[in-house]
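Trainee: I would like to learn how to read the computed features of a model. Please take them one at a time.

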Amino acid sequence: MTISRQEQYFGLIDQLMRCPNGEEPNLLTANSELIDQGFIESLVQVSTMMAHENNPDGAKFLIHVARELAKELGLYPEAPANS
């Protein structure tokens, strides 16, 4: 039986929530094959669920990770710098 990609995303999100502070980049690098638009969408989905379950800190953390990864993948528009 194979684990679905969605289950892999949720497993990685769970690991992100549990890993020591500062280790997140290493964990994401070790799982780079899962870092794609679907993973970012899963981060947003889980963060929304956390916000509704009264876990604003967890929700903010996952939104931050999603935003940074989206920028790296070119999926998040950069605001133009003010001159």
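Trainee: Which side chain meets that of Asp-14 in a salt bridge?

Mentor: A salt bridge is a side-chain nitrogen of Lys or Arg within 4 Å of a carboxyl oxygen of Asp or Glu. Here the partner of Asp-14 is Arg-18, at 2.9 Å from N to O. Before going on, note that this is a predicted model, in which local features need pLDDT of at least 70 and side-chain atom pairs count only at pLDDT 80 or more, while totals for chains, interfaces and linings use all residues. Residues are numbered from 1 along each chain as its sequence is written, and side-chain values use heavy atoms, with hydrogens and water left out.

Trainee: Where do Asp-14 and Arg-18 lie, and about how many helical turns separate them?

Mentor: Helices are DSSP runs (H or I, at least four residues), numbered from the N terminus. Asp-14 and Arg-18 are in helix α1, and because they are four residues apart, about one helical turn separates them.

Trainee: Are Asp-14 and Arg-18 exposed or buried?

Mentor: Buried means under 20% relative accessible area, exposed over 50%, and partly exposed in between, with a 1.4 Å probe and protein chains only. Asp-14 is partly exposed at 36%, whereas Arg-18 is exposed at 66%.

Trainee: How many salt bridges are found in the whole structure?

Mentor: The search finds three. Another one joins the side chains of Arg-5 and Asp-36, at 2.9 Å from N to O. Arg-5 belongs to helix α1 and Asp-36 to the loop between α2 and α3, so this pair ties together parts 31 residues apart in sequence. Arg-5 is partly exposed at 36%, and Asp-36 is partly exposed at 23%. There is also a bridge between Lys-71 and Glu-68, whose closest N and O atoms are 3.6 Å apart. Both Lys-71 and Glu-68 sit in helix α4, three residues apart, about one turn of the helix.

Trainee: Which residues have the most contacts inside the largest nonpolar core?

Mentor: A nonpolar core is a set of buried Ala, Val, Leu, Ile, Met, Phe, Trp, Tyr and Cys residues joined through side-chain atoms within 4.5 Å. The largest one has 20 residues, and those with the most contacts inside it are Leu-12, Leu-16, Leu-28, Phe-39, Leu-43 and Leu-69. Helices α1 (5-18), α2, α3 (37-52) and α4 each supply at least two of its residues. The largest share of this core, six residues, comes from α4.

Trainee: What does Leu-43 touch?

Mentor: Contact means heavy atoms within 4.5 Å. Not counting residues up to four places away in sequence, Leu-43 touches Ile-13, Leu-16, Leu-62, Val-65, Ala-66 and Leu-69. Ser-42, found in helix α3, is buried at 1% relative accessible area. With neighbours within four places left aside, Ser-42 is in contact with Gln-6, Tyr-9, Phe-10 and Ile-13.

Trainee: Which helix gives the most to the lining of the largest pocket?

Mentor: On a 1 Å grid over the protein atoms alone, a pocket is an open set of points where a 1.4 Å probe fits, with protein on both sides within 12 Å along at least five of seven lines; lining residues have an atom within 4 Å of a point. Helix α4 gives the most to the lining here, with six residues. Among the lining residues are Leu-28, Phe-61, Glu-68 and Leu-69.
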